[in-house]
Amino acid sequence: MDTLLTKPISAVFTAVKESITNCTSTADIAANAPRYRRKSSTFIDGIHDVPEDGDRAPAQLYSTMSGRLFHSGRIAIVMVGLPARGKTHIAVSLARYLQWLGVKTRIFHLGDYRRATVGQGGHVPEDYFYPNASPASVVLRQKILKKCREDIYGWLNHENGQVAIYDAVNPTASGRRSLAKEFAKHDVQTLFLESYVDDENLLRENARNVKIGSPDFADMDPDEAAKLYLERMETKIPTFETMNEKELNYIKMINAGQKFFYNNVSFNYLSHRIVFYLTNTHIKSRATFFVRPGTATEEESYKADAPLSEEGMKYARVMTETVIKHREQERASRIAQGGADVPLRPLTVWCSTRMRTLQTADVFKELGYKVRQRSQMAQINPGVCERLSERAIRRLYPEEVVKHELDPYHHRYPRAESYHDLAVRLEPIILELEREQNDLLIIAHESVLRVLYAYLMHCSTMDIPNLKFPRNEIIEVIPGAYQNDAKRIHIPGLDPRTVPGSPEDIRIPVPDSGSDTPAPLPGGGLSAPAVPPIVIEKPPEKVVNTAAEAVRDKITDED
């Protein structure tokens with residue numbers, strides 16, 4: 001089994017395997033599922049499927065009987081903007097952040113309802129988005145809107161939902177005013193969020209990256225396809241009024257976060273958290289790489305800030321070469337497929353203040369890359385269990401072991417940190433990660449990588465302690481509109497003894513000697529291999545993401 005696959009990617013696949021086998025489109029999945037409007041029509045990714053009530057979110061600080069947090073009531077976030085402006089990307093990113101904090105959030109994509117209503121192979125009328133549409137188009141539009149809004153009210157009123165994100169164009173001021181009044185009747189606070197883009201280069205990039213996967217654009221030059229798509233949207237949606245309603249609560253994000261405009265956003269604490277998050281996010285494409293530091297002279301010690309061993313220094317050089325080579329190959333591949341011949345995005349390197357991560361990043365620094373230290377990215381503190389074997393921990397702390405096995409995410413050993421503590425500590429890093437516009441390489445201990453990877457890929461809380469990051473792999477996460485994708489990049493030529501990941505949690509495996517503490521390695525750290533390792537070149541391997549495949553029919557969405 002793929003060790004990086006977690007519940008949002010793989011475990012849920014079993015539950016929907018039969019449906020996907022028989023129904024290939026989103027509309028089919030929706031139409032053939034009971035109460036389809038009560039859940040996302042994708043059914044299989046962590047962002048769109050709400051966890052069971054008993055599951056605590058990774059960074060959730062407390063829980064309530066109602067399931068609502070921060071004394072903030074119910075909020076409807078209404079997306080506003082033309083297609084290819086990044087609305088869905090923003091909605092999914094915001095939902096991921098709020099769910100990470102424990103806020104019960106669900107996205108309602110109007111396109112899901114349109115597809116489910118029209119059915120497979122069906123098409124909406126040409127005047128569907130026109131203000132003066134034909135009676136048949138108006139009836140169809142109202143039918144779709146009614147289904148969607150009924151589910152929003154059902155989620156907020158009967159399922160203890162707190163934030164509903166309504167993802168649609170919402171092009172007219174009169175329609176937005178009417179929507180705000182309707183939500184107010186249900187005692188729901190409304191916050192409009194417009195993504196406004198007038199930068200032609202950014203528009204073409206968004207259309208090229210997200211929208212032109214349709215068969216209509218097959219074998220076309222990507223730039224020409226993007227231009228044609230935008231022209232089609234101008235024809236289909238001839239009337240759009242940017243937000244200027246003084247009486248409404250709204251945020252206008254201009255050109256992917258270059259500027260922000262706020263109006264009346266002052267009704268509760270959660271709204272301010274949402275605003276703060278949005279000022280740290282953007283819709284520009286970039287890649288995030290995760291990699292472990294090289295081996296240190298005192299590998300198992302938390303307190304000793306040990307430098308890299310000789311093998312660790314070699315690993316740092318090989319890993320750096322692999323990252324640089326991979327980025328160049330990706331650029332060459334994009335150009336070969338008809339993409340624009342543009343320079344690579346700059347690469348920024350983050351590492352903790354620990355000696356091993358700093359020395360691993362030094363190779364990048366010598367090559368002129370920007371390296372930034374992050375004190376919050378220090379590894380999880382093992383407390384009294386440092387350097388103890390599992391046998392010793394079971395003998396000395398039997399009650400703690402029982403608690404830990406029941407909940408490895410939230411439990412902490414004496415004077416130690418839990419993964420929950422680590423997730424809370426890393427929240428400033430998560431916001432900076434969202435703000436970063438360069439490609440980003442994070443060099444950190446496996447415990448830190450688990451939490452940051454879990455945030456981006458929306459992994460289940462209880463799966464986080466079990467994520468694996470072997471040293472011979474670099475994990476690349478590529479943002480997507482509906483679901484992020486992950487890719488493995490093999491690091492060739494490493495000593496097999498440097499490859500295995502850390503234990504599943506802070507426990508250390510029992511040494512072969514049977515003693516209660518690990519036996520020190522000769523020379524302090526991993527010795528050099530007796531024979532040169534075999535160098536095996538492997539192409540990058542995509543981590544299977546069934547969610548991304550299931551939403552492939554959404555990429556030409558007009559909502």
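## A linked salt-bridge network

R292, E446 and R450 are joined in a network of salt bridges, a salt bridge being a side-chain nitrogen of Lys or Arg within 4 Å of a carboxyl oxygen of Asp or Glu. The model is predicted: local features need pLDDT of at least 70, side-chain atom pairs count only at pLDDT 80 or more, and totals for chains, interfaces and linings use all residues. Residues are numbered from 1 along each chain as its sequence is written, and side-chain values use heavy atoms, with hydrogens and water left out.

Helices (H or I, at least four residues) and strands (E, at least two) are DSSP runs, numbered from the N terminus. R292 counts as buried at 6% relative accessibility, and E446 is buried with a relative accessible area of 0%. Here buried means under 20% relative accessible area, exposed over 50%, and partly exposed in between (1.4 Å probe, protein chains only).

## Other salt bridges

A search of the whole structure finds 19 salt bridges. In one of them, the side chains of E434 and R96 meet at 3.8 Å, N to O. E434 belongs to helix α15 (residues 427–435) and R96 to helix α3 (residues 87–101), so that the pair links distant parts of the chain, 338 residues apart. E434 counts as buried at 3% relative accessibility, and R96 counts as buried at 6%.

E159 forms a salt bridge with R106, the closest N and O atoms being 3.9 Å apart. Because E159 lies in the loop between α5 and β3 (163–167) and R106 in strand β2 (residues 105–109), the pair ties together parts that are 53 residues apart in sequence. R106 is buried, with a relative accessible area of 5%, whereas E159 is partly exposed, with a relative accessible area of 26%.

## Helix α4 and its packing on α5

Two packed helices are described by the angle between their axes and the distance between the axes. Helix α4 (residues 110–118) and helix α5 (residues 135–158) pack at an angle of about 125 degrees, with their axes 9 Å apart. That angle makes α4 oblique to α5; angles under 35 degrees count as roughly parallel, over 145 as roughly antiparallel, 65 to 115 as roughly perpendicular and the rest as oblique. Axes are lines fitted to C-alpha atoms, for helices over the stretch in contact, and angles run from 0 to 180 degrees between N-to-C directions. The crossing of α4 and α5 is right-handed, a term for the near helix being turned clockwise from the far one by less than a right angle, with anticlockwise giving left-handed.

Helix α4 is mostly covered, eight of its nine residues being buried. The buried residues are L110, G111, D112, Y113, R114, R115, A116 and T117. Just after α4, G119 takes a positive phi of about 90 degrees.

N160 has a positive phi of about 55 degrees although it is not a glycine. N160 is found in the loop between α5 and β3 and is partly exposed, with a relative accessible area of 32%.

H458, also a residue other than glycine, has a positive phi near 55 degrees. H458 is found in the loop between α16 and β11 and counts as buried at 15% relative accessibility.

P479 is placed in the loop between β11 (473–478) and β12 (485–490). P479 is partly exposed, with a relative accessible area of 24%. The C-alpha atoms of P479 and S285 are separated by 6.7 Å, although these residues are 194 residues apart along the chain.

R345 lies in the loop between α10 (310–336) and β8 (347–351) and counts as partly exposed at 31% relative accessibility. Its C-alpha atom is separated by 9.4 Å from that of A287, 58 residues away along the chain.

## A nonpolar surface patch

L61, Y62 and V424 make a nonpolar surface patch of about 260 Å². Patches are made of residues with over 30% relative accessible area and no salt bridge; like charges are joined within 9 Å, nonpolar side chains (Val, Leu, Ile, Met, Phe, Trp, Tyr) within 5 Å. Accessible areas come from the Shrake-Rupley method with a 1.4 Å probe, and for residues only the protein chains shown count as cover. V424 is placed in helix α14 (residues 419–425) and is partly exposed, with a relative accessible area of 32%.
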